[in-house]
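Here is a short report on one protein chain. Take a look at the sequence and the 3D structure before reading on.

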Amino acid sequence: MTINLSAAKLTHVVTAVPGVRGIEPGVGSTLKAIGSHMSGDPAAARFGIIIESGEKVIIEIGIDGSRTVKEIVRDVQEAVLRSSSQANREGGTSESGSKSQPHVMVRIQSLF
């Protein structure tokens, strides 16, 4: 399965998860987004979200103390995977023979 979502769409998906204060970019996603904008492909990266080779997603977020970190991270990962599979079905890129899912890494940048 490949990621068929834009970074902008993932921003809305991630920030809708309870306990997530917002996207908080780290150094890695900041450099990637700047490079993407300079190369003329601004949709490929967004501050705080990195989509690598369609199989790996890195989300950098700030969270509040309303829920445990473990629950928030789990819910963010599930939301990204759910949105990815939905986008792939709608886009006609369903790969029924492949059961692999993209790897979703969540980096907590701050906790308030």
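Start with Pro102. Its relative accessibility is 5%, so Pro102 counts as buried. Buried means under 20% relative accessible area, exposed means over 50%, and partly exposed lies in between (1.4 Å probe, protein chains only). Pro102 sits in the loop between helix 3 (69-90) and strand 5 (103-111). Its C-alpha is 10.0 Å from that of Glu52, and the two residues are 50 apart in sequence.

The model is predicted: local features need pLDDT of at least 70, side-chain atom pairs count only at pLDDT 80 or more, and totals for chains, interfaces and linings use all residues. Residues are numbered from 1 along each chain as its sequence is written, and side-chain values use heavy atoms, with hydrogens and water left out.

## The overall plan

The protein has 3 helices and 5 strands. Helices (H or I, at least four residues) and strands (E, at least two) are DSSP runs, numbered from the N terminus. From that end, the order is α-β-α-β-β-β-α-β. The protein has 112 residues, and 38% of them are buried.

How much of the contact pattern joins residues at least 24 apart? Take the contacts between residues at least 6 apart in sequence: 71% of them join residues at least 24 apart. Contact here means heavy atoms within 4.5 Å.

## The core

In soluble globular proteins, nonpolar side chains tend to be buried together. Here the largest nonpolar core has 21 residues. A nonpolar core is a set of buried Ala, Val, Leu, Ile, Met, Phe, Trp, Tyr and Cys residues joined through side-chain atoms within 4.5 Å. Leu10, Val14, Val20, Ile59, Ile61, Val76 and Val80 have the most contacts inside this core. Helix 1 (7-15), strand 3 (49-52), strand 4 (56-63), helix 3 and strand 5 each supply at least two of its residues. Helix 3 gives the most, with 6 residues.

Follow Val76 for a closer look. Leaving aside neighbours within four places in sequence, Val76 is in contact with Val14, Val17, Val20, Ile59, Ile61 and Val106.

Thr11 is in helix 1. Thr11 has a relative accessible area of 17%, so it is buried. Not counting residues up to four places away, Thr11 touches Ile23, Arg46 and Ile49.

## The surface

Now turn to the outside. The accessible surface of the protein is about 6200 Å², and carbon and sulfur atoms account for 55% of it. Accessible areas come from the Shrake-Rupley method with a 1.4 Å probe; for residues, only the protein chains shown count as cover.

Which residues form a nonpolar patch on the surface? They are Ile34, Met38 and Phe47, with about 320 Å² of accessible area together. Patches are made of residues with over 30% relative accessible area and no salt bridge; like charges are joined within 9 Å, and nonpolar side chains (Val, Leu, Ile, Met, Phe, Trp, Tyr) within 5 Å. Phe47 lies in the loop between strand 2 (45-46) and strand 3. Its relative accessible area is 38%, so Phe47 is partly exposed.

Leu111 is in strand 5. Its relative accessible area is 52%, so Leu111 is exposed. The C-alpha atoms of Leu111 and Gly62 are 5.9 Å apart, although 49 residues separate them along the chain. Beyond its neighbours within four places in sequence, Leu111 is in contact with Ile63, Asp64 and Gly65.

## Salt bridges

Side chains of opposite charge can pair when their charged atoms come close. The structure holds 5 salt bridges. A salt bridge is a side-chain nitrogen of Lys or Arg within 4 Å of a carboxyl oxygen of Asp or Glu. The table lists some of them.

| Arg residue | Partner | N to O distance |
|---|---|---|
| Arg21 | Glu24 | 2.6 Å |
| Arg107 | Glu60 | 3.0 Å |
| Arg74 | Asp75 | 3.2 Å |

Look at Arg107 and Glu60, which meet in a salt bridge. Arg107 lies in strand 5 and Glu60 in strand 4, so the pair ties together parts that are 47 residues apart in sequence. Glu60 is buried, at 1% relative accessibility, whereas Arg107 is partly exposed, at 30%.

Arg21 is partly exposed at 41%, and Glu24 is partly exposed at 22%. Arg74 is partly exposed at 41%, while Asp75 is buried at 18%. Arg74 and Asp75 also belong to a network of salt bridges that links them with Arg67 and Glu71.
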